[in-house]
Amino acid sequence: MNIGLFGGTFNPFHNGHLGILKHVQDSFDLKKIFLIPSATPPHKPWINLAPATDRFKMVQKSLHNQKGLFVSDKELTRKGPSFTIDTINAFKNEVADDTQLFLLVGSDAFLDITTWKLKDNIFKAIHIIIMLRGETDNPKRISLFIDEHISKGYTFNKVTCQFCHTDNKKIFICRVPKIDISSTMIRTRIKNGLSIHGLVPKSVETLIQTKELYK
Ligand code: ATP
């Protein structure tokens, strides 16, 4: 069985997240995808971070009726910063031996991976699906980045858009539908008194309004 792990701050969860997940779910036959809200993102110095419990609820409520998508509280129940390698290892300990785990990351997050804790262990532990995000991201750019920063041992198959390595797991590049929504954009709209209708699931909109988040 193929299982995807998708970490994020989800501050807030939005329709861009949902859209790309549905695409990747089908493209890679992922029977389950676990969405993992991070407690303390090590890479983002937040000044307007909603409480973890609210971000968890936003994801949880949005996944109601979404087949194969689940929320995980793994990073919220662990103390300290949320390091991806710790989360991957926790899942590896729980799944059956024949399960293939895939880490889903946006291309913007991937290009930041050199700063991640024990990044080399991540490449050995799990397949990675890089979801191309934005106009400027293309396989060539990712390929150069991998050559320069990750390992010389990867070869790129242009047909499958996949990097293979004899020791490490595979890295896939996935063109996801372009959905021009980000959490930053939503927080900014709220600050400016603009509507976020249609940008987030209805349950997220209601929770943000009720709790007066991001004002
Ligand atoms: P922020 O604007 O606060 O940085 P975000 O919208 O990027 O937030 P995150 O919770 O940080 O949301 O995203 C989790 C993952 O989802 C990241 O890997 C990010 O690249 C990816 N992602 C988020 N929105 C999109 C989108 N519209 N298209 C493609 N990937 C996305």
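This is a predicted model: local features need pLDDT of at least 70, side-chain atom pairs count only at pLDDT 80 or more; totals for chains, interfaces and linings use all residues.
A cis peptide bond, with omega of about 5°, links Asn-11 to Pro-12. As for where this proline sits, Pro-12 belongs to the loop that runs between strand E1 (2–8) and helix H1 (15–27).

For Asn-65, phi is positive, at about 75°, although the residue is not a glycine. Asn-65 is found in the loop between helix H2 (52–62) and strand E3 (69–71). Its relative accessibility is 72%, so Asn-65 counts as exposed, the cut-off for this class being over 50%. Glu-212 likewise has a positive phi, here about 55°, without being a glycine. This glutamate lies in the segment after helix H9, which covers residues 202–211. Glu-212 counts as exposed because its relative accessibility is 58%.

Attention now turns to Lys-119, which is located in helix H6 (residues 119–125). Is this lysine buried or exposed? With a relative accessibility of 16%, Lys-119 counts as buried, since that class takes in values under 20%. The side chain of Lys-119 forms a polar contact with the side chain of Asp-120, at 2.9 Å. Leaving aside residues up to four places away in sequence, Lys-119 touches Ile-113, Thr-114 and His-149.

Conventions
Residues are numbered from 1 along each chain as its sequence is written. Side-chain values use heavy atoms; hydrogens and water are left out. Helices (H or I, at least four residues) and strands (E, at least two) are DSSP runs, numbered from the N terminus. Buried means under 20% relative accessible area, exposed over 50%, partly exposed in between (1.4 Å probe, protein chains only). A polar contact is a pair of N or O atoms within 3.5 Å; within protein, one must be able to donate a hydrogen and the other to accept it, and residues adjacent in sequence count only if both atoms are side-chain atoms. Contact means heavy atoms within 4.5 Å.
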